2 protein chains.
Amino acid sequence: MNDEQGSIERCSSNVVHKDVVDLVKERMPEDETLFDLAELFKVFGDTTRVKILFALFTAEMCVCDITALLGLTQSAVSHQLRVLKQARLVKCRKEGKMVYYSLDDEHVKQIFDQGLAHISHK
Amino acid sequence: MNDEQGSIERCSSNVVHKDVVDLVKERMPEDETLFDLAELFKVFGDTTRVKILFALFTAEMCVCDITALLGLTQSAVSHQLRVLKQARLVKCRKEGKMVYYSLDDEHVKQIFDQGLAHISHK
DNA sequence: CAAATATATGAATATATGCTCATATGTTAT
DNA sequence: ATAACATATGAGCATATATTCATATATTTG
């Protein structure tokens with residue numbers, strides 16, 4: 001209402017730097033976008049799924065092989081493959097009784113590389 | 001033990017394509033790396049934290065302003081800032097009673113951009 | 001020092017999530 | 001058709017996690 005230049009008062013849910021908050025608000029993506037982005041990263045946020053994706057960087061694999069590789073239950077693997085597929089990160093093709101999974105995204109590799117870069121200390 | 005070229009039998013925790021599994025195993029990063037990577041993405045896997053990081057792309061902000069921006073409790077924001085700080089994604093500087101948070105990572109922007117690229121349909 | 005304010009933190013709670021178990025579906029071979 | 005096998009899926013459980021509430025800490029002001 002007043003205080004044009006340096007607003008350095010009031011908080012408790014009230015804004016201290018209205019100008020900054022307004023600018024940030026302008027530049028914020030839509031809520032749905034932010035939600036979807038978080039949902040995507042949530043998929044990356046599990047060791048089993050990260051392992052599966054890394055495996056598929058190297059080669060297409062059937063569920064059986066992934067199960068053996070990870071030392072988990074076939075059920076557990078299948079459940080996670082479902083999650084990855086729903087996120088459109090992997091695709092599958094059926095050949096006889098077996099189902100072969102492979103990567104279905106060009107971005108994952110780069111996302112992982114950036115993530116690894118962050119991890120190997122800044 | 002036998003069957004050199006096309007091993008297309010046995011599963012149930014037994015490997016179907018031993019060659020593939022062996023190759024994949026070779027190229028897999030260490031378990032600790034995979035775990036840390038998943039932990040990092042777990043941090044990105046929450047709408048509130050994604051919002052905070054996006055906000056900080058634009059400007060350094062105090063807790064108060066972030067709280068107003070997100071329409072959450074000050075406590076909730078503080079808890080999430082803690083998570084982000086622990087992951088070395090944000091840093092903070094104190095000025096009087098206020099604490100200003102800003103980005104502390106060069107990779108987040110690129111990770112988010114790749115994530116957004118994936119989201120906006122393949 | 002006391003009051004006001006900004007931020008941090010521990011406990012409690014409600015929800016989400018990954019795995020296991022049991023079972024269903026679908027394919028191949030006998 | 002029956003048996004064997006590969007994969008998918010639903011229910012249940014145990015754990016993780018995001019938010020809230022209450023309160024602690026720290027800084028500034030009167």
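User: How far apart are the closest N and O atoms of the salt bridge that A:E39 forms with A:K42?

Analyst: This is a predicted model, in which local features need pLDDT of at least 70 and side-chain atom pairs count only at pLDDT 80 or more, whereas totals for chains, interfaces and linings use all residues, and side-chain values use heavy atoms, with hydrogens and water left out. Residues are numbered from 1 along each chain as its sequence is written, while chains are lettered from A and ligands numbered from 1 in the order in which they are written. A salt bridge requires a side-chain nitrogen of Lys or Arg within 4 Å of a carboxyl oxygen of Asp or Glu, and in the pair formed by A:E39 and A:K42 the closest N and O atoms are apart by 3.1 Å.

User: Are A:E39 and A:K42 buried, partly exposed or exposed?

Analyst: The two residues are three apart in helix α2 of chain A, a separation of about one helical turn, where helices (H or I, at least four residues) and strands (E, at least two) are DSSP runs numbered from the N terminus. Buried means under 20% relative accessible area, exposed over 50%, and partly exposed in between (1.4 Å probe, protein chains only). With 30% for A:E39 and 41% for A:K42, both residues are partly exposed.

User: How many residues apart in sequence are the parts tied together by A:E60 and A:R93?

Analyst: The side chains of A:E60 and A:R93 meet in a salt bridge of 2.8 Å, N to O. A:E60 belongs to the loop between α3 and β1 of chain A and A:R93 to strand β2 (residues 90–95) of chain A, so the parts that the pair ties together are separated in sequence by 33 residues.

User: Which residue is linked with A:E60 and A:R93 in a network of salt bridges?

Analyst: Both named residues are partly exposed, A:E60 with a relative accessible area of 32% and A:R93 with 36%. The network of salt bridges that links these two residues also includes A:E95.

User: In which order do the three strands of the open sheet in chain A lie?

Analyst: Two strands pair if DSSP finds at least two bridges between them, and β2(A) and β3(A), which run antiparallel, are joined by six bridges, with A:V90 opposite A:L103 in β3(A). The pairing in the sheet is antiparallel, and the order is β1-β3-β2.

User: Which strands of chain A stand at the edges of this sheet?

Analyst: An open sheet of three strands is found in chain A. Each edge strand has a single partner, so one side of each is left without a neighbour in the sheet, and the strands in that position are β1 and β2.

User: What is the phi of A:R88, and what of B:R88?

Analyst: Most residues other than glycine have a negative phi. A:R88 sits in the loop between α5 (74–86) and β2 of chain A, and B:R88 in the loop between α5 (74–86) and β2 (90–95) of chain B; A:R88 is partly exposed at 26%, and B:R88 is likewise partly exposed at 26%. The value is positive for A:R88 and for B:R88, in each case near 60°.

User: What area is buried between chain A and chain B?

Analyst: Contact, meaning heavy atoms within 4.5 Å, takes 63 residues from chain A and 63 residues from chain B. Buried area is the accessible area (1.4 Å probe) that two parts lose on being put together, summed over both. Carbon and sulfur atoms give 71% of the total, which is about 5,500 Å².

User: How many salt bridges are counted between chain A and chain B?

Analyst: A:D31 forms a salt bridge with B:K51, in which the closest N and O atoms are 3.7 Å apart. The structure holds 12 salt bridges over all chains, and the count between chain A and chain B is two.
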